[in-house]
Amino acid sequence: MPEQVTLIAVSKTKSPEEIMQAYEAGQRDFGENKIQELVWKQEELPQDIRWHMIGHVQRNKVKYMASFVHLIHGVDSLKLLREINKQGAKHNRVITCLLQVHIAEEESKFGLDETELMALLKNLPGESLENIAIIGLMGMATFTDDQEQLAAEFKYLSDLKTRLASEYPELKELSMGMSGDYQLAVKYGSTMVRIGSSIFGSRK
Ligand SMILES: *Cc1c(COP(=O)(O)O)cnc(C)c1O
């Protein structure tokens with residue numbers, strides 16, 4: 001893994017003991033996709049863990065993680081950003097976020113299309129959201145073994161970031177790649193890979 005790529009150990013469904021094994025090996029960035037699970041693990045485990053929320057976020061649950069969450073990956077609406085900002089303000093902190101872009105072929109996955117992303121970015125300056133910082137883009141590729149398709153989806157997100165770079169230089173991070181496809185994702189410029197089963201074994 002290149003040095004500038006952050007490895008996020010996706011610990012959903014895994015026990016505190018399993019997480020501690022990775023922690024003791026030096027891992028500090030962990031990802032969860034359910035707020036409840038994120039919250040109890042944060043309470044139970046060492047306080048220097050950087051917790052990433054990688055799943056879909058419901059607005060009414062932002063408050064539970066606002067005091068500690070390190071990075072929220074799956075932000076896909078202005079309404080959600082406003083809520084994160086509000087909760088960030090309550091805790092006197094700036095919460096970092098990624099905007100999730102829909103890159104997969106499947107309909108069911110969350111995320112913005114390019115038009116929606118552009119509209120959201122254009123609207124931001126008028127919102128004065130001082131307790132959030134948007135630092136990049138996140139994408140989930142199609143669930144497939146087709147390397148050409150995966151490459152095309154990663155390249156699309158990477159090119160989108162490049163196209164946005166002059167106007168939005170703060171969008172530096174690219175969260176893409178999971179156990180099955182992270183090498184390809186890194187090849188296309190991923191700066192954060194979210195890896196679960198390759199670290200912890202498969203989930204039940
Ligand atoms: C579960 C999950 C992962 C990790 O998947 P693996 O295939 O186990 O590496 C990555 N990203 C998101 C958003 C997930 O929900």
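Analyst: Helices here are DSSP runs of H or I with at least four residues, numbered from the N terminus. Lys161, for example, is placed in helix H6. Keep in mind that this is a predicted model.

User: Which residues does Lys161 touch, if I skip those up to four places away in sequence?
Analyst: Lys161 touches Leu137, Leu171, Lys172 and Leu174. Its side chain also reaches the backbone oxygen of Lys172, at 2.8 Å.

User: And how far apart are the C-alpha atoms of Lys161 and Leu98?
Analyst: They are separated by 12 Å, and the two residues are 63 residues apart along the chain.

User: How many residues does H6 have, and how far does it reach?
Analyst: Helix H6 covers residues 147-164, which is 18 residues. From its first C-alpha to its last it reaches 26 Å, close to the 26 Å expected at 1.5 Å a residue.

User: Which residues of H6 are buried?
Analyst: The buried ones are Gln149, Leu150, Ala151, Glu153, Phe154, Leu157, Ser158, Leu160, Lys161 and Leu164.

User: What covers them?
Analyst: The cover includes strands S5 (95-101), S6 (132-139) and S7 (173-175), along with helices H5 (114-123) and H7 (182-187).

User: What caps the N-terminal end of H6?
Analyst: Asp146 does, with a side-chain oxygen 3.0 Å from the backbone nitrogen of Glu148.

User: Now the ligand. Which residues are around it?
Analyst: Val10, Lys12, Ile54, Met140, Met178, Ser179, Arg194, Ile195, Gly196, Ser197 and Arg203. Five residues of this shell are nonpolar, three are polar and three are charged.

User: Which atoms lie 2.8 Å from an oxygen atom of the ligand?
Analyst: A backbone N or O atom of Ser197 is at 2.8 Å from a ligand oxygen. For Arg203, an N or O atom in the side chain is at 2.8 Å from a ligand oxygen. There is also Ser179, where an N or O atom of the side chain is 2.5 Å from an oxygen atom of the ligand.

User: How much of the ligand does the protein bury?
Analyst: The protein buries 90% of the 390 Å² that the ligand exposes when taken alone.

User: Different topic. Glu37: buried or exposed?
Analyst: Glu37 has a relative accessible area of 14%, so it counts as buried, the cut-off being under 20%. It is placed in helix H2 (residues 35-44).

User: What does the side chain of Glu37 make a polar contact with?
Analyst: With the side chain of Lys41, at 2.7 Å. Leaving out residues up to four places away in sequence, Glu37 touches Ser11, Lys12, Thr13, Lys14 and Glu32. Lys12 is also one of the residues around the ligand.

User: Where is Ala66, and is it buried or exposed?
Analyst: Ala66 is in the loop between helix H3 (62-65) and strand S4 (71-75). Ala66 is buried, because its relative accessible area is 0%. Neighbours within four places aside, Ala66 is in contact with Gln87, His91, Arg93 and Ile95.

User: Last one: what is phi of Asn92?
Analyst: Phi of Asn92 is near 55°, a positive value in a residue other than glycine. Most residues other than glycine have a negative phi. Asn92 sits in the loop between helix H4 (78-90) and S5, and with a relative accessible area of 71% it is exposed. Ser128 also has a positive phi, near 40°, and lies in the loop between H5 and S6.

Notes
Residues numbered from 1 in each chain as written. Predicted model: local features only at pLDDT ≥ 70, side-chain atom pairs only at ≥ 80, totals over all residues. Heavy atoms only, no water. Near = heavy atom within 4 Å. Polar contact = N/O pair within 3.5 Å; in protein donor to acceptor, adjacent residues only side chain to side chain. Areas by Shrake-Rupley, 256 points an atom, 1.4 Å probe, with all protein chains shown as cover. Nonpolar A, V, L, I, M, F, W, Y, C, P; charged D, E, K, R; others polar. Helix = DSSP H or I, 4+ residues; strand = E, 2+ residues; numbered from the N terminus. Expected span 1.5 Å × (residues − 1). Buried < 20%, exposed > 50% of the residue type's maximum accessible area, 1.4 Å probe, protein only. Contact = heavy atoms within 4.5 Å.
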